[in-house]
Amino acid sequence: MAAMRMNRKGTQVVETRTAPEALVTWKAPHCPFLIEYTARTAEQLRLAAADAFFSLPRGGAEIGGVLLGAFEKGRLRILRHVPLDCEHAFGPSFTLSPKDHALLAELLAASRRSAGDAQPVGWYHSHTRSDVFLSVADLEIHDRYFPENWQVALVLRPYSLEHVQGGFFFRQADRSIQGAGPPQEFSADPAEPFPVEADAPPEPKAQAMAAAAVPAPITVLTPVEPSPPAPQPVAADPLLEIRVTPRETSAGSSRAYWLAALLAAAAIVAAIGYEARGRESAALANENAQLRQRDNDLRSEVSRLRSELERQTALNRKLQQDSEAEKQKRKRSQGFAFDPLL
Ligand SMILES: [Zn+2]
């Protein structure tokens, strides 16, 4: 919903926010179909990727799952996602074990069985140690489980809680796979607000967020060498010489969006009146406060986990030193006992 307020100079400014169910359009000029996803899905995926990123020191864990939605009339709509509980048998990367493969197949079968509007339209996974691209293993997953020409792969690259980039990959007519434009900021609140509005009732966001906030359990992972670069990676933006940041990419179209947002806001303001606006602003402020609180909670959880991990590591080191000292002592005493010269 758009809301008007006065800034310090007394000029009216527009604030817009994407409603959770509103569809956000991925800017992909080369993709033969339109990719859309709900703001809620974007936010949940962003948080899931960022949470896992902070769940382990030095790069965190990678996550993945299935994207559910619909494809019709040249529009791919991503409405929901189902995480795949990867057992991380090969370390923190999203590399599927035979068990994970079976789980993915079962998950896809179950989604297809469940009659409803949401069918598997692709999959997502995060890269915490590499760029937004599809590795050879990723391409195998895509071809094996998502063979339709309209099924997509989404790669998320978390940098911080707020900064998560994403890139969609789609099949061209000749079945070759191409990145749908350069990586863009993956967020329910893109660099410039979309005036797409859906009059959805306020969301019980807290519950979904609480679920997303549960940090990934710290499983003991054997240290894994970063996987070697894939021989034939599919770059996310083969058509662009220079990688540009999403803000720069979208600067041109943002003026039109702003104009549309202004007009929409003016109409809404005229219709609803001052009192409604007040209520809406209060709701927005409240939601903002909740989001800020959640970010703070996550941050403190992350630092708590970090120090816990440090404590455990120190303890392990101490135990190792102790047992080493014990061994040495034993060796010395044995040497003493059996040394015929002494
Ligand atoms: Zn990958």
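Analyst: Happy to! Buried means under 20% relative accessible area, exposed means over 50%, and partly exposed lies in between (1.4 Å probe, protein chains only). This is a predicted model, in which local features need pLDDT of at least 70 and side-chain atom pairs count only at pLDDT 80 or more, while totals for chains, interfaces and linings use all residues. Residues are numbered from 1 along each chain as its sequence is written, and side-chain values use heavy atoms, with hydrogens and water left out.

User: Is Asp-138 buried or exposed?

Analyst: The relative accessible area of Asp-138 is 4%. Buried means under 20%, so Asp-138 is buried.

User: Which residues are the protein donors of the zinc ion?

Analyst: Donors are N, O and S atoms within 2.8 Å of the metal (3.2 Å for Na, K and Ca); water is not among the atoms, so sites may look incomplete. The donor atoms here lie 2.0 to 2.7 Å from the zinc ion.

User: Why is the arrangement of the four donor atoms around the zinc ion irregular?

Analyst: Four donors count as tetrahedral if all angles lie between 85 and 135 degrees; four count as square planar and six as octahedral if opposite donors are over 155 degrees apart and all others between 65 and 115; anything else is irregular. The arrangement is irregular because the four donor atoms subtend angles of 53 to 161°.

User: Which element gives the most to the largest nonpolar core?

Analyst: A nonpolar core is a set of buried Ala, Val, Leu, Ile, Met, Phe, Trp, Tyr and Cys residues joined through side-chain atoms within 4.5 Å. The largest one has 31 residues, and Phe-186 is one of those touching the most other members. With eight residues, the element giving the most to this core is α1.

User: How many of the 17 residues of α1 are buried?

Analyst: Leu-47 lies in this helix, α1, and counts as buried at 3% relative accessibility. The helix α1 is largely enclosed by the rest of the structure, because the number of its 17 residues that are buried is 14.

Note on methods:
Helix = DSSP H or I, 4+ residues; strand = E, 2+ residues; numbered from the N terminus.
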